[in-house]
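Open your viewer and get ready to click along. We will go stop by stop, with something to select at each one.

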Amino acid sequence: MVLASVAIAACGSSTPKPVTAVTIKTIASATTTSTTPAQLVYFQGAVGSAAQRPKSLELTGDGTLSVDGVQWTSWGGPAATGSGNASYHGCTPNCAAAPVHTALVSIRLFGSRVCSGRTYYSGVTLTLNSGQLLDKSFLQRSWSPC
């Protein structure tokens, strides 16, 4: 704290007279930003190893649904979000002869589960640009981590 005295000479007088005391307080302000590192969460597809922020999602063992070119906008919280290019097809008339479709999708991983000491996302939704969910029949649970 700094205390300053201000003196002003009265009219016609050469003797300064104290008028007031001004207290100046210097307050140190510190901005603290608390950032918590992203929780170590993994994703385990039907094919491949467990990974954090994987570049592709293999959601079926037979190749009927995968997402490539994945870019994540969030990771490590209760949900992870991103986007990528989905390749999918049903099995009509059969899996080998079904036409393959591709679409840009928004990805949401959720439902954290702990398996063998590691945390994994256990749920997924893929949303088409139209706002509709990719047909649930393509999202088989064959990729669950545990």
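A charge counts as sitting over a ring when NZ of Lys or CZ of Arg is within 6 Å of the ring centre and within 35 degrees of the ring normal. Keep that in mind for the first stop, and remember as you look around that this is a predicted model.

**Stop 1: a charge over a ring.** Select arginine 118 and tyrosine 42. The charged end of arginine 118 lies over the ring of tyrosine 42, 4.1 Å from the ring's centre.

Stop 2: Now switch to a cartoon view. You can trace an open sheet of six strands in the order 3-8-7-6-5-4, with mixed pairing. At its edges are strand 3 (41–42) and strand 4 (57–58), each of which pairs on one side only. Zoom in on strand 4 and strand 5: they run antiparallel and are joined by two bridges. Select leucine 57 there, and you will find its bridge partner, valine 67, in strand 5.

**Stop 3: the aromatic rings.** How many aromatic pairs does the structure hold? There are three. Select tryptophan 72 and tryptophan 75 for one of them: the ring centres are 4.9 Å apart and the planes meet at 70°, so this pair is edge-to-face. Tryptophan 75 is in the loop between strand 5 (65–74) and strand 6 (80–88), while tyrosine 121 is in strand 8 (residues 118–128), so the pair ties together parts 46 residues apart in sequence. Together, Trp72, Trp75 and Tyr121 make one aromatic cluster. Are these residues buried or exposed? Tryptophan 72 and tryptophan 75 are buried, and tyrosine 121 is buried as well.

Stop 4: In soluble globular proteins, nonpolar side chains tend to be buried together. Here, the largest nonpolar core has 20 residues, and those touching the most other members are Leu57, Val67, Trp72, Trp75, Ile107, Leu109 and Leu126. Strand 5, strand 6, strand 7 (101–115) and strand 8 each give two or more residues to this core. Click on isoleucine 107: beyond its neighbours within four places in sequence, its contacts include Leu57, Val67, Trp72 and Leu126.

**Stop 5: a loop residue.** Finish at glutamine 39, in the loop between strand 2 (16–24) and strand 3. With 43% relative accessibility, glutamine 39 counts as partly exposed. Residues up to four places away in sequence aside, glutamine 39 touches Gly76 and Thr119. The C-alpha atoms of glutamine 39 and glycine 76 are separated by 4.6 Å, although these residues are 37 apart along the chain.

How values were computed. Residues are numbered from 1 along each chain as its sequence is written. This is a predicted model: local features need pLDDT of at least 70, side-chain atom pairs count only at pLDDT 80 or more; totals for chains, interfaces and linings use all residues. Side-chain values use heavy atoms; hydrogens and water are left out. Rings of Phe, Tyr and Trp (its six-membered ring) pair if their centres lie within 6.5 Å; planes under 30 degrees apart count as stacked, over 60 as edge-to-face and the rest as tilted. Buried means under 20% relative accessible area, exposed over 50%, partly exposed in between (1.4 Å probe, protein chains only). Helices (H or I, at least four residues) and strands (E, at least two) are DSSP runs, numbered from the N terminus. Two strands pair if DSSP finds at least two bridges between them. A nonpolar core is a set of buried Ala, Val, Leu, Ile, Met, Phe, Trp, Tyr and Cys residues joined through side-chain atoms within 4.5 Å. Contact means heavy atoms within 4.5 Å.
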